[in-house]
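Let's take a look at how the pieces of this protein model pack together. Have the structure open as you read.

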Amino acid sequence: HRIGGGKRAQAATELYASVRHDRKNALAYAELGYLALTEGQAKTAVGYFDRALALSPDQTQARANRAAARYQLRELKGALSDIDQAILSEPGRGAHFATRARILEAFGENSRARKDAARAAALDESLKPSLAPLLAP
């Protein structure tokens, strides 16, 4: 699994070395998942997040990131389950509500999606531009 160039490649190399040294390093697997996700490698990312969560189920950010990866893969039921769990753990994170809004929109649940988008924007104003289509009347 090749990840990016430059600083990203260096980070990935260090993380690969970390998991080779310690196969139980949940944080390293979560970080590898995040790098893969940001490189558009959603399927690879899900594998890393699965490993991280198997080792440390309380990693809320890894769960939220797995939801985003599953959304990209159109694994909507799994994505919704993951983000619901993340919201239960961190109900004050606007990004979690933004992710759920996008997932709900993909399910065609536009009313619920708009409510989550509004909640996300209220919790984190920086999300407003990316949620503009859902926030429009």
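## One residue to start with

Leu134 touches Ala101, Glu105, Ala113, Arg114 and Ala117, leaving aside residues up to four places away in sequence; contact here means heavy atoms within 4.5 Å.

This is a predicted model, where local features need pLDDT of at least 70, side-chain atom pairs count only at pLDDT 80 or more, and totals for chains, interfaces and linings use all residues. Residues are numbered from 1 along each chain as its sequence is written, and side-chain values use heavy atoms, with hydrogens and water left out.

## The cores

Leu134 also belongs to the largest nonpolar core, which has 18 residues; together with Ile83, Ala120 and Leu131, Leu134 touches the most other members. A nonpolar core is a set of buried Ala, Val, Leu, Ile, Met, Phe, Trp, Tyr and Cys residues joined through side-chain atoms within 4.5 Å, and buried means under 20% relative accessible area (1.4 Å probe, protein chains only).

Apart from that core lies another one, of 14 residues, including Ala36, Ala52, Ala62 and Ala69.

## Where α7 meets α8

Helices are DSSP runs (H or I, at least four residues), numbered from the N terminus. α7 and α8 pack at about 150 degrees, their axes 9 Å apart; axes are lines fitted to C-alpha atoms over the stretch in contact, and angles run from 0 to 180 degrees between N-to-C directions. So the two, α7 and α8, are roughly antiparallel, the word for angles over 145 degrees.

On the α7 side, Ala113, Arg114, Ala117, Ala118, Ala120 and Ala121 meet Lys128, Leu131, Leu134 and Leu135 of α8.

Definitions and conventions. Buried means under 20% relative accessible area, exposed over 50%, partly exposed in between (1.4 Å probe, protein chains only). Angles under 35 degrees count as roughly parallel, over 145 as roughly antiparallel, 65 to 115 as roughly perpendicular and the rest as oblique.
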